[in-house]
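Student: Could we go through this model together? I would like to begin with the terms and then turn to the chains.

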Amino acid sequence: MSPTPPTDEPIRPHVFDGIQEYDKRLPNWWLYSLYVTIVFWIGYWAYYEWLHIGPSSTEVVDAAMGKIEAQRLSATKLDDAGLWQMSHNATFVEAGQAAFVSNCAACHLASGRGKSESPAAIGPDLIDTAWIHGGRPVQIHDVIMKGVPEKGMPTWGPVLGAKKVTDITAFLLSKHKEGEPITVEGAKP
Amino acid sequence: MPAKKITLEFNDKVVRQFLLATLAWGIVGMLVGVFVASQLNFFQLNFNTSWLSFGRLRPLHTNAVIFAFVGNMMFAGIYYSTQRLVKARLASDFLSQLHFWGWQAIIVAAAITLPLGLTRGKEYAELIWPLNIAVAFIWVVFAVNFFWTLARRRERSLYVAIWFYIATIVTVAMLYIVNHLSLPTSLTHSYPIFGGVQDGLVQWWYGHNAVAFFLTTPILGIMYYFIPKAAERPVYSYRLSIIHFWSLVFVYIWAGPHHLLNTALPDWLQTLGMTFSLMLWAPSWGGMLNGLLTLRGAWHKLRTDPVLKFMAAAVTFYGMATFEGPLLSIKSVSALGHYTDWIVGHVHLGALGWNGFMAAGMIYWLLPRLWNRPLHSTSLANTHFWIGTVGILFYVAAMWTSGITQGLMLSATSEGGTVLTYPNFVDTLNTIRPMMLMRVVGGGLYLTGFVLLGYNVWKTIRGAQVVNGTIEVFDDEETAAPAERVGVFGTFLNPPVLFSAMAGGFACAWMFGDTTLSIVGLVGAVFCMVCALMHWKSRNTAWGAWYDRLLINTAPFTVLTFIAVAAGGMIQIIPVVIAHRGSTIEGRRQVPYSPLELAGRDIYVREGCYNCHSQMIRTLVPDVLRYGDYSRLGESIYDHPYQWGSKRTGPDLARVGGKYPDVWHLRHMEDPRTVSAGSNMPNYPWLFQNATDVKALPAKLAVQRKIGVPYPNWTPEQIEARVNEQATKIAADLRAAGAYVDHNREIVALIAYLQHLGKFDEVSGADNRTTAQ
């Protein structure tokens, strides 16, 4: 067909309506791109669907929306409703837990159960429904902020700053339910 | 062995018919395309007329271009090349004529019914059920005619083009039938048996593979015939043909879910859709390489031959589109590009560049051979080429810019990521208006090119003598000697098939098995691949010999092709169909529509609202910020057909219910610009004149009950009473707001439907994920 056919090119013996076929090797770059995409499939499937290391679509969007909500909440007024909302938000609760463990666990224990868990603990139980200085969110926030020096509870506000106090309040509230029966016992204001 | 020599005349009459139909419908389809693109810029072009509105004409454009333009082109190319590649005249002149006239009748029927609003409401599957049956019937006629011709062939072996034609015929039949399974409620209306996520999955299994097996594989076959013929060069690589054919037909089927990335579709399906799309890149480029590299030694001909110009450009555009496709299938790219003009640009890169240019190249090549007269004007053909190319570049560049711009604007946030920068959707629409205009220019140029082709064809064939190809054959040539038949055992019990089947089985065990089974599956799959490689290295001549033998056997080849294309769909669809309504509703169950709302929904479908509005809030922050909590699977389980949509020319409507008062919707349908300044949505005055078709509801509800929507067994009177009660209430509400409309008008039903969108019941015990808002 061509006046000068390229040499050393194996050509298939059969001719279809004048059409011939070479039988050239597959280009390596082409083969490797096929292999790479197959390996990628195996790795991607293993990461997300088999070993479940990667987060699911909903986990990703839930976490991202949680962060956005946290940002919005941090601008809201500190009242009972706002603090309850924060207690449902992972960003506040996680930050609060970290601050609690490093600052409050010494007296209230990491579990927050204080004297209920161990008689040797200094602080009272914060997980049960019995409160000494009031169990409404703003009251809890207030106690952490201002402390109860005469009972050994330090004034945390100047030490931790407003944000961490709010986080800790949200963390504690996350261990409670809105509307649960509260008993206030002990010291009068 | 040679006995009597006879001269065989090919049936080229039907090729000429299909060729001229290609040209006519191509120009019609593109004209409608330019018109609907103009409507997006100038809403006035909807002319306040139902049958000229965008939502009804856009399906006409897509159906005309896919099934009328490319369909006719495919039949012309297949019939021309097959007769020559197998040295046999088409088996039946009657079937050939039935095929041609049947197909044209379907197209005419579609061109009438679609503007009338008779639609199934699924993209590229809009035709109503009687036409679906006609399409299936004509497809069977085509298949019988084709395979009968193969059975009478005088060429023992099947050339690569024929492989692609076989894959096209069996796969399109499978896709078309499954995606059109419906129960009729009347002569012109039906509901798909699948709903919600099932329907979405089946739809895109079909939609994506309509691209694959209607717009790609037949055209690849045509490429494999016409490029070597026009270039007069051998095909580059036979083994590349084998590898890319089998990998293409196997992998393509799995990629459908990439149209549903980041939606409520279960993650495992999204993962399959994305990763298989990436795996599809190399098989697609295998076709491009074999096309382009066949031109080695013939590149100089591109300077003078418009046929090769068109075909080389077409294959290049094919390569671009099949690179862009996998790119868009990456979840994070899809997050930006999906629902935008980028996707529109992508399909037009394929449709205009690949399909349109292959069609043009083929027509220019066939003209002198079918009418026995040289092409009227080569320079006009060259002009066509350049106008078309510039048109494509305009179109695609505009759509890229437009899609990415709008995608970025829709995702943009400010104030620390908590607020949308462009909360008003129309702002993003109006930013891309210059690009939308440029697309009309590009499309117009492309159409002009085809008009030039039409003129050239007319000048060439006017008064020309038609000529049918002939060939000298020996009248007793046999197709395959008995010793060369592979038989059932030979088809399945051979190393390539066994290794592939075992590796596929193990891979499925790995993906879907429990811990032990999945480890066994992974090890087994790798083991199979290593064994296959070793076996191939030592015995590859045996593999080659088996394949050569397979190519002599049409039926075994067809069966293996069918298994390869059926596997992916079965593995994806069957689990979803079985598991759907039980466990995977994600804690929410859609509240079924009231009879009035259902009537409104059918109006929504009739007007083609899904062409511009999605009902699917993706699991993406910008979507949630803009439209509310992301959509759960259970929230659309009773939607037959599903209406998740694929394009957002306007905003998502999944949670529009209750967002605005009734009167807002009324004003908006009357003239969208009164409540949404800058909108390009058409006015819908006829909804204020037409009465809601309440009489059809009993039959519709009966069908809905049959396909699983929990409606009580109401009598027609009860249905009418319910309709009247709800419609009267809405009309009263509208009256209180100062809008007077009779309660039996369609607008009332549509408002009832729109206000229902987003209603669901919480389902305890099921998947209780915390919600974002």
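Tutor: Two residues are in contact if their C-beta atoms, placed from the backbone, lie within 7 Å. This is a predicted model, in which local features need pLDDT of at least 70, side-chain atom pairs count only at pLDDT 80 or more, and totals for chains, interfaces and linings use all residues. Residues are numbered from 1 along each chain as its sequence is written, while chains are lettered from A and ligands numbered from 1 in the order in which they are written.

Student: What share of the contacts in chain A with a separation of 6 or more comes from residues 24 or more positions apart?

Tutor: Such pairs account for 51% of those contacts in chain A.

Student: Which elements does chain A have, and in what order?

Tutor: Chain A has eight helices and two strands; these are DSSP runs (helices H or I, at least four residues; strands E, at least two), numbered from the N terminus. From the N terminus, the order is α-α-α-α-α-α-β-α-α-β.

Student: What are the dimensions of chain A?

Tutor: Along the principal axes, the C-alpha atoms of chain A fill a box of roughly 110 × 35 × 30 Å.
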